[in-house]
Amino acid sequence: MLLYRDNTVYVGHTDDVAARVYKHKNRTYSGYTASRLPVRLIFREPFLTRDDAFWAERQVKGWSREKKVALARRD
């Protein structure tokens, strides 16, 4: 999960966290991401398979911002 300047939380999955965060920070992705910089990594969780990561992402994307931040804080 990434936290943006406007306190929105971005949820996604990737095989390479460092590369993905770098791309977000350097405006490789336009639109939503580029307009809310700077960005900070607040949570990551490893998964055994891409399917597991995909389904976890779908679940967390449905949560409120408060619940996402609580997960990042491990509350």
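In this predicted model, E57 is in contact with V11, G12 and H13, once its neighbours within four places in sequence are set aside. E57 belongs to helix α2, which covers residues 50-61, and it counts as buried because its relative accessibility is 7%, below the 20% cut-off.

- Three strands form an open sheet in the order β2-β1-β3, and their pairing is antiparallel.
- Strands β2 (9-10) and β3 (39-41) stand at the edges with a single partner strand each, so one side of each has no neighbour in the sheet.
- Strand β1, made of residues 2-4, runs antiparallel to β3 and is joined to β3 by 3 bridges, with L2 standing opposite L41 in β3.
- Helix α1, spanning residues 17-25, packs on this sheet and touches β1, β2 and β3, while the direction of α1 makes about 165° with that of β3.

**The largest pocket**

- The largest pocket has a volume of about 590 Å³, and of the 25 residues that line this pocket, G12, H13, R44, E45 and F47 are the closest to its centre.
- Helices α1 and α2 are the elements that give two or more residues to the lining of the largest pocket, and the largest share of that lining, 5 residues, comes from α2.
- Sorted by class, the lining of the largest pocket holds 14 nonpolar, 5 polar and 6 charged residues.

**Where the topics meet**

- G12 and H13 are among the contacts of E57, and G12 and H13 are also among the residues closest to the centre of the largest pocket.

How values were computed. Residues are numbered from 1 along each chain as its sequence is written. This is a predicted model: local features need pLDDT of at least 70, side-chain atom pairs count only at pLDDT 80 or more; totals for chains, interfaces and linings use all residues. Side-chain values use heavy atoms; hydrogens and water are left out. Helices (H or I, at least four residues) and strands (E, at least two) are DSSP runs, numbered from the N terminus. Buried means under 20% relative accessible area, exposed over 50%, partly exposed in between (1.4 Å probe, protein chains only). Contact means heavy atoms within 4.5 Å. Two strands pair if DSSP finds at least two bridges between them. Axes are lines fitted to C-alpha atoms, for helices over the stretch in contact, and angles run from 0 to 180 degrees between N-to-C directions. On a 1 Å grid over the protein atoms alone, a cavity is a set of points where a 1.4 Å probe fits but cannot get out, and a pocket is an open set with protein on both sides within 12 Å along at least five of seven lines; lining residues have an atom within 4 Å of a point. Grid points are joined across faces, edges and corners, and a volume is the space filled by probe spheres set on the points. Ala, Val, Leu, Ile, Met, Phe, Trp, Tyr, Cys and Pro count as nonpolar, Asp, Glu, Lys and Arg as charged, and the others, Gly among them, as polar.
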